[in-house]
Amino acid sequence: METPGSKRLLRKKSLSRSYDENLMDDYLDNQLGGSTRKRFRTKQELEKETEKEAMIALSLGFPIDALHEEERKANVVSQLDGKEQNDYIVVRNHILARWRANVQAWLSKGQIKETVSNEYGQLLNSAYDFLMFNGYINFGVSPPFKAQMPEEATEGSVIIIGAGLAGLAAARQLLAFGFKVIVLEGRNRPGGRVYTQKMGQKGNYAAVELGGSVITGIHANPLGVLARQLSIPLHKVRDKCPLYDPEGRPVGDEIDSKVEHIFNRLLDKVTEFRQIMGKSAADISLGSVLERLRQMYTVATKPEEKQLLDWHFANLEYANAGCLSHLSAVYWDQDDPYEMSGDHCFLAGGNWRLIEALCEGVPIFYNKTVETIRYGNDGVEVIAGDQTIQADMVLCTVPLGVLKKKTVKFIPELPERKLKAIEKLGFGLLNKVAMVFPSVFWGEDLDTFGCLSKNSATRGEFFLFYGYHTVSGGSVLVALVAGEAAQSFEQTQPSTLLHRVLSILRGIYGPKGVEVPDPIQSICTKWGNDPLSYGSYSHVRVHSSGSDYDILAENVENRLFFAGEATTRQHPATMHGAYLSGLREASCIYRASRGSKPIHNPRKSFRKVVGVSDTLVNLFKYPDIAFGNFSFVFDPSNQDPKSTGILMVTVDSFSSELGDDNGKVKNTQQSDKQPLKLYTTVTRVQAHELESESEVGGVESQLKYLCKSLGLKLMGSDSFALIANSLISNVASRRARVRNRRVAVGNVSYK
Ligand SMILES: Cc1cc2nc3c(=O)[nH]c(=O)nc-3n(C[C@H](O)[C@H](O)[C@H](O)COP(=O)(O)OP(=O)(O)OC[C@H]3O[C@@H](n4cnc5c(N)ncnc54)[C@H](O)[C@@H]3O)c2cc1C
């Protein structure tokens, strides 16, 4: 069955049902021979092992007998194409294979040294550093990795816009490299287009994917690595996918295979066509070529054949989130060679489990929609609402749809070539109707089934159903809406849409004697109207090409960086592509911050932030209100009860009650000896509410009240200084002015 990222229909037979990560470990360990046995191996065994390691490296995108392009750029060897390069490749493959054999453990240089001869020490350093800083090893969310996080930030400061997979991947990586990082997210939740919604009845919820759902190709997939690190089982999406005609009758095997064959032959013909036409076909759409070819070869002429072919076209429109009439005939499948191999999988319990793990330890600020990004030699300034935050660099991961709408203003404007690429690349729609039923009436053994439409214009409407009963914890069925139908879908009342889906389902299951009940709950997505996305995922539109993805990925002046699914030429439109783009940009930022084309003064803005933290500490020498562990400072010129000030909480020991749901406070460094000082913004009214609470309860109850009832989020001074520097400066300057006036008035009266 087809899922985004793989463009041809694959309805293969499968044997196994679930992955067991321990079995995967054993499998890889056997493949590698197990590190402990390595030193007693014969020459032949070692050669065999070297070959296997090369195959693993190959599956991760490294050439067997050459350097990766990035390795060349990073000058990993002093001389190309000689013995040194060959030895490097063997060492690099060994490191990659060692880490992939056990992704739960941090792989140190010391461990590699045990299995690699001393004479290759330099190559080992070179390969290890390259793989480490480019996110090929030791990435992810394995709990033991926490111990490897630097205690203090030693590198510059980075603001990341967007807490989707790209932003979160970059944030974790940058924190691990020693950067000071904050993430600004416009929504009130992380994950972006990965959105697992709890649906169903209280006490019996199911986890339902409203956005990215299928891990497309499990081999070498970084999301598979995360799943293994968290010991989350994966369920292979089974290949059985029966199709039903518009009257609900099963499509016969013969005609099904015949039309599938026609479809694949037509795509082969498209390939031949573009080989003949070359670049002159750049303005021709895939849809027009397919239709011309269909007519030319007079195939799929009977109504049922035409409907079946339309079903395959809808499937293609789903994979690309775009109408065939918009896709480039030449480049629509330019990413095919990089497709992740292996089965397509669902993650048990939903993809939010990956998001949740990725968020741990990352300072994320929600409901912060960025409107302006200023960048220049002195650093960057990001404006979200009434807050202005400065840093050394900014990583923008907002979806292509948002860039197209220009809701984020760049000062200075982005380079012309980037603006053109933003305009040219396509960003289309896929929508879903997610339903939770009282039972799995469609059959436990089915993960997918499809339904044909009577006419071409509606071929994408509910053309494919995904059953998530194996992984979601409930009887969840999701109907997909692709192509043209996905556009009109958002203008239609959800009750009408639900009525249509149910009639399709009743048309299929009624004649089988299976009653289709009303769903317990249903949700219709509207990704096109979502102001933080404006669509679902990218595709190569007519007039654009894969190189537009590269242009989107280019940084501007080593200050402004870009990540996200639409910045990866190899893996666009996917969750793993987004994740990999975040790792990629973290290493770009790392290189830029110490590279030969230096940033003017990489620490300047960082110092600004540190300066703000000092101001913060000074402000609390003379608080406006203080009781118990709480001190408050306000702008003296604004007595409005809703005006915002700053609260500092001093705690002697870490309280488990402190953490909010996102665990933000848990990230704060804590010293055993010094009391911990935490900060948040607070209104005058809230300050008085807290004061009243202090009369009834102790510090624990005040903290609970603060986090749970008032919804305030405490953070350390540096993070707070980054997010609230304009408030801090404002309060400090107003207080200074009032103090000066008092001194002046005092002086006058004294005289
Ligand atoms: C319906 C649907 C189904 C899909 N199915 C699959 C699938 O089965 N398999 C697969 O691999 N992929 C699938 N995808 C694609 C996949 O979900 C995305 O490619 C991936 O999640 C994108 O991640 P990202 O980090 O690039 O962007 P996002 O996840 O969109 O993250 C960007 C973040 O930026 C935030 N943001 C936007 N503007 C601002 C602003 N001005 N200020 C602050 N924050 C802002 C957004 O709120 C968002 O959180 C699907 C997508 C959709 C919509």
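**Ligand shell, sheets and helices of the predicted model**

Helix α8 gives the largest share of the shell around the ligand, three residues. The model is predicted: local features need pLDDT of at least 70, side-chain atom pairs count only at pLDDT 80 or more, and totals for chains, interfaces and linings use all residues. Residues are numbered from 1 along each chain as its sequence is written. Helices (H or I, at least four residues) and strands (E, at least two) are DSSP runs, numbered from the N terminus.

In total, 42 residues surround the ligand. The closest are Gly162, Gly164, Gly192, Gly212 and Ala578. A residue is counted here if its C-beta atom, placed from the backbone, lies within 6 Å of the molecule. Two or more residues of the shell come from each of α8 (165-177) and α19 (575-594). By class, the shell holds 20 nonpolar, 17 polar and five charged residues. Ala, Val, Leu, Ile, Met, Phe, Trp, Tyr, Cys and Pro count as nonpolar; Asp, Glu, Lys and Arg count as charged; the others, Gly among them, count as polar.

The protein chain comprises 24 helices and 27 strands. Of its 751 residues, 48% count as buried. A residue is buried if 20 or more other C-beta atoms lie within 10 Å of its own, exposed if 12 or fewer, and partly exposed in between, with C-beta atoms placed from the backbone. Two residues are in contact if their C-beta atoms, placed from the backbone, lie within 7 Å. Among contacts with a separation of 6 or more, 76% join residues 24 or more positions apart.

Strands of a sheet pair through backbone hydrogen bonds, either parallel or antiparallel. Pairing is assigned if DSSP finds at least two bridges between two strands. For β10, two bridges make the parallel link to β3 (residues 180-184). Leu184 stands opposite Phe365 of β10.

Other strands pair in the antiparallel sense. Six bridges link β11 (residues 370-376) to β12 (residues 379-384). Arg374 has Glu381 of β12 as its bridge partner. The two strands are joined by a hairpin through two residues. Strand β12 also pairs with β13 (residues 387-391), over five antiparallel bridges. Val380 stands opposite Ala391 of β13. This hairpin, too, has two residues between the strands, and Gly385 takes a positive phi near 60 degrees.

A further hairpin is formed by β4 and β5, with two residues between them. Gly203 in the turn has a positive phi of about 85 degrees. The strands, β4 (residues 196-201) and β5 (residues 204-209), pair in the antiparallel sense over six bridges. Thr196 stands opposite Glu209 of β5.

Backbone features of note also occur in loops. Asn367 is not a glycine, yet has a positive phi of about 55 degrees. Its place is the loop between β10 and β11. Asn367 is exposed, with 12 other C-beta atoms within 10 Å. His543 likewise has a positive phi, near 80 degrees. It lies in the loop between β22 (537-539) and α18. With 18 other C-beta atoms within 10 Å, His543 is partly exposed. The peptide bond from Ile411 to Pro412 is cis, with omega near -5 degrees. Pro412 is found in the loop between β15 (409-411) and α15.

Helix α18 (residues 546-553) has Asp548, Tyr549, Ile551, Leu552 and Ala553 buried. Their cover includes α15 (416-424) and β23.

The axes of helices α3 (residues 43-59) and α5 (residues 83-101) come within 8 Å and cross at roughly 75 degrees. Axes are lines fitted to C-alpha atoms, for helices over the stretch in contact, and angles run from 0 to 180 degrees between N-to-C directions. That makes α3 roughly perpendicular to α5, a term for angles of 65 to 115 degrees. On α3, the contact is made by Thr50, Glu53, Ala54, Ile56 and Ala57. On α5, Val90, Arg92, Asn93, His94, Leu96, Ala97 and Arg100 take part. The residues of this contact divide into six nonpolar, three polar and three charged.

Notes
Angles under 35 degrees count as roughly parallel, over 145 as roughly antiparallel, 65 to 115 as roughly perpendicular and the rest as oblique.
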